[in-house]
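Trainee: I would like to learn how to read a structural model feature by feature, with the general idea given before the particular case. Could we begin once the model is in view?

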Amino acid sequence: MHSKVGSLWQRYRSVPLIYRIMVAFLLGSAAGIVFGERMTVVEPLGDLFLRLLNMLVIPIIVFTLLTGIRQLSPASLGKIGGATVGLYAVTTTIAGIIGLAVANVLQPGRGVEFTGGEAESQAPPSLTEVVLGIVPSNPVAAMTEGDLLATVFFVIVFGIALTYVRAHQDDLADRVDSVFEAFEIGAEAMFVVVRGVLEYGVIGVFALMAAGIGAEGIGVFSSLGELVLAVAIAVVVHIAFTYLFLLMSVVADVSPLAFLVGSKDAMVTAFATRSSSGTLPVTMSNAEEDLRIKERVYSFALPVGATANMDGAAIRQAITVVFAANVVGQPLALAEQALVLVVAVLISIGTAGVPGAGIVMLTVVLNQVGLPLAVVGFVAGVDPILGRIATMNNVAGDLAVTTVVGKWNDAIDFTRGVWTPASTDTRRVAPGDD
């Protein structure tokens, strides 16, 4: 009996994890459609998956970021940091432009009757508050509350201070290295936990989709279809043009297909969870085990991307505002659309990488162009699907920028992972996989 169970388990494990997750995604969606609200009974299984992912976020940021900084001099940290932030700014701007272009071509919302709807609006943060929020008044509280941007800032400052002490105080150099080694051990331990959580992710993704669609109904995919379609098209265009063609083919001169294969686990997880920060453990796993990016690059670039790179949010905000203008009969002039682009890019940087944050940020953009906030309540019906599409875009962008920065800094092993022809279709993330 035990041998049969072991054999079945081994056969199950031999299937690449991404295929198991995709099957779970499809089965969960089908179960939600067929059985409806009855599938909400499995919601705790999905919530457990989200809690497991969120449990890993802060430890992974602290351990991997400090491990990466250990391998960097202040000069190289400035080089990698500057390139990373610069590329994120460029891709987010391109995303906003693509979003407005698609919105102007498709004109979603024309002919749609606005039926009103009340939005529970909370005061969105100003740009000054976003900038000041980067610096934590209490680093421990920032970690406890899951404030990723403030946590990343403190860990980078602390890591740089450790490297300074190591370089300028010879009597403490060995002790500083011991501290770094302890964090490196912690990082390796966390990745073992990540692999285990990903195995449970098959059940978690099934539960998330079944409970989500069961509660919201298939209408979440069909109502306001023009808006959903426009965002989906813009995201596909952005991924294909900006990430695969521009960054992979032109800038980095690497295989776009290999990159896509190496990113698929994180993209599927992002779509299921609607949280770029919650997907961070999976994103880091893809960077290390599939794309073979060295830790000194991805341990810096990915946490920054999960908090500040929101290409999908920029696309979503730009298109949604054009949609809102159309449904209330106030089409936007070119100058107003330019304002939308600027605000969407800036606001996307301050958008939290968690489900539902986009709705709050939408109120900022609507205010800037004088559109009624009641439109937020109208759009909220499709927020779940818009959030999934945007989050998948965000995570793909994090990995694309990290890959380019890795290539520029000779920090990718192109002899392993998805970069070798034989591994393109067979690579998987699983315990013991190396």
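Trainee: Which residues of α12 are buried?

Mentor: Two conventions come before the answer: this is a predicted model, in which local features need pLDDT of at least 70 and side-chain atom pairs count only at pLDDT 80 or more, while totals for chains, interfaces and linings use all residues. Residues are numbered from 1 along each chain as its sequence is written, and side-chain values use heavy atoms, with hydrogens and water left out. A residue is called buried under 20% relative accessible area, exposed over 50% and partly exposed in between, with a 1.4 Å probe and protein chains only; helices (H or I, at least four residues) and strands (E, at least two) are DSSP runs, numbered from the N terminus. In α12, eleven of the eleven residues are buried, namely Leu-280, Pro-281, Val-282, Thr-283, Met-284, Ser-285, Asn-286, Ala-287, Glu-288, Glu-289 and Asp-290.

Trainee: How many salt bridges does a search of the whole structure find?

Mentor: The criterion is a side-chain nitrogen of Lys or Arg within 4 Å of a carboxyl oxygen of Asp or Glu, and the search finds two such salt bridges. In one of them the side chains of Arg-20 and Glu-199 meet at 2.9 Å, N to O; Arg-20 lies in helix α2 (residues 17-35) and Glu-199 in helix α8 (residues 170-216), so the pair ties together parts that are 179 residues apart in sequence. Arg-20 is buried at a relative accessible area of 6%, and Glu-199 is buried too, at 13%. A salt bridge also joins the side chains of Asp-177 and Arg-166, at 3.2 Å, N to O. Here Asp-177 belongs to helix α8 and Arg-166 to helix α7 (residues 148-168), eleven residues apart, and Asp-177 is partly exposed, with a relative accessible area of 22%.

Trainee: At what angle do the axes of helix α11 and helix α12 cross?

Mentor: Axes are lines fitted to C-alpha atoms, for helices over the stretch in contact, and angles between N-to-C directions run from 0 to 180 degrees. Angles under 35 degrees count as roughly parallel, over 145 as roughly antiparallel, 65 to 115 as roughly perpendicular and the rest as oblique. The axes of α11 (residues 256-273) and α12 (residues 280-290) come within 8 Å and cross at roughly 175°, which means that α11 is roughly antiparallel to α12. On the α11 side the contact involves Gly-262, Ser-263, Lys-264, Asp-265, Ala-266 and Thr-269, which meet Val-282, Thr-283, Asn-286 and Asp-290 in α12.

Trainee: Where is Gln-107 found, and is it buried or exposed?

Mentor: Most residues other than glycine have a negative phi, and most peptide bonds are trans. Gln-107 has a positive phi, near 50°; it is found in the loop between α4 (74-106) and α5 (127-132) and counts as buried at 17% relative accessibility. Asp-253, in the loop between α10 and α11, also has a positive phi, of about 55°, whereas its relative accessibility of 61% makes it exposed.

Key: Contact means heavy atoms within 4.5 Å.
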